[in-house]
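Subject: Structure handover

Hello,

Here is the structure for you to look through. My notes follow below it.

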Amino acid sequence: GRVGPWQPEGWPGTEVGWALLRETWGRGYATEAASAAMDWAFDHLGWTDIIHSIAPDNTGSQQVARRLGSSLRGPGKLPAPMESSLVELWGQGRDAWRARRASSNG
């Protein structure tokens, strides 16, 4: 699978996303890798906000977003050729992420 930051042209925001093979689901890999990617995006890319675009029926990815501390922001729109895909945008800002990380490490 793959996990990491990306922002293709026309994307609705700066995203850290994940896509893992089904046989790896439920082992914490997405949460652990996305946490590292979010740290890196905030610290090295200078991003101030991160989204996760998730299909409304993808409850597994919604749980990962919740474990990361992200909240549902509402429906999103992807650029062509994915403009007909239904997605919800989840996310959080850098300050909230850092505060949550500091409280969980302290």
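**The loop between β4 and β5**

L78 is found in the loop between β4 and β5. Helices (H or I, at least four residues) and strands (E, at least two) are DSSP runs, numbered from the N terminus.

Two points on how to read this. This is a predicted model, in which local features need pLDDT of at least 70, side-chain atom pairs count only at pLDDT 80 or more, and totals for chains, interfaces and linings use all residues. Residues are numbered from 1 along each chain as its sequence is written, and side-chain values use heavy atoms, with hydrogens and water left out.

Back to L78. Is L78 buried or exposed? L78 counts as buried, at 7% relative accessibility. Buried means under 20% relative accessible area, exposed over 50%, and partly exposed in between (1.4 Å probe, protein chains only). Leaving aside neighbours within four places in sequence, L78 is in contact with W11, P12, S53, E83, S85 and V87. Contact means heavy atoms within 4.5 Å. A30 is 48 residues from L78 in sequence, and their C-alpha atoms are 22 Å apart in space.

P81 sits in the loop between β4 (71–76) and β5 too. A cis peptide bond joins A80 and P81, with omega at about 10°. Most peptide bonds are trans.

**Helix α2**

Which residues of helix α2 (residues 59–68) are buried? They are S61, Q62, V64, A65 and L68. These residues are on the same side of α2, because they cover an arc of only 155° around the axis. The arc is that of the directions from the helix axis to the C-beta atoms. What covers them includes β2 (15–19), α1 (29–44), β3 (49–54), β5 (87–93) and α3 (94–105). Just after α2 comes G69, with a positive phi of about 95°. Most residues other than glycine have a negative phi.

**The largest pocket**

The largest pocket has a volume of about 720 Å³. The search uses a 1 Å grid over the protein atoms alone; a pocket is an open set of points with protein on both sides within 12 Å along at least five of seven lines, and lining residues have an atom within 4 Å of a point. Grid points are joined across faces, edges and corners, and a volume is the space filled by probe spheres set on the points.

The pocket is lined by 32 residues, and the closest to its centre are W18, A19, L20, N58 and S61. Two or more lining residues come from each of β1 (2–6), β2, α1, β3 and α2. Which element gives the largest share of the lining? That is α2, with five residues. By class, the lining has 15 nonpolar, 13 polar and four charged residues. Ala, Val, Leu, Ile, Met, Phe, Trp, Tyr, Cys and Pro count as nonpolar, Asp, Glu, Lys and Arg as charged, and the others, Gly among them, as polar.

A19 lies in strand β2. A19 counts as partly exposed, at 33% relative accessibility. Leaving aside neighbours within four places in sequence, A19 is in contact with G1 and R2. R2 is 17 residues from A19 in sequence, and their C-alpha atoms are 5.4 Å apart.

F42 is found in helix α1. F42 is buried, with a relative accessible area of 2%.

Best wishes

Conventions:
On a 1 Å grid over the protein atoms alone, a cavity is a set of points where a 1.4 Å probe fits but cannot get out, and a pocket is an open set with protein on both sides within 12 Å along at least five of seven lines; lining residues have an atom within 4 Å of a point.
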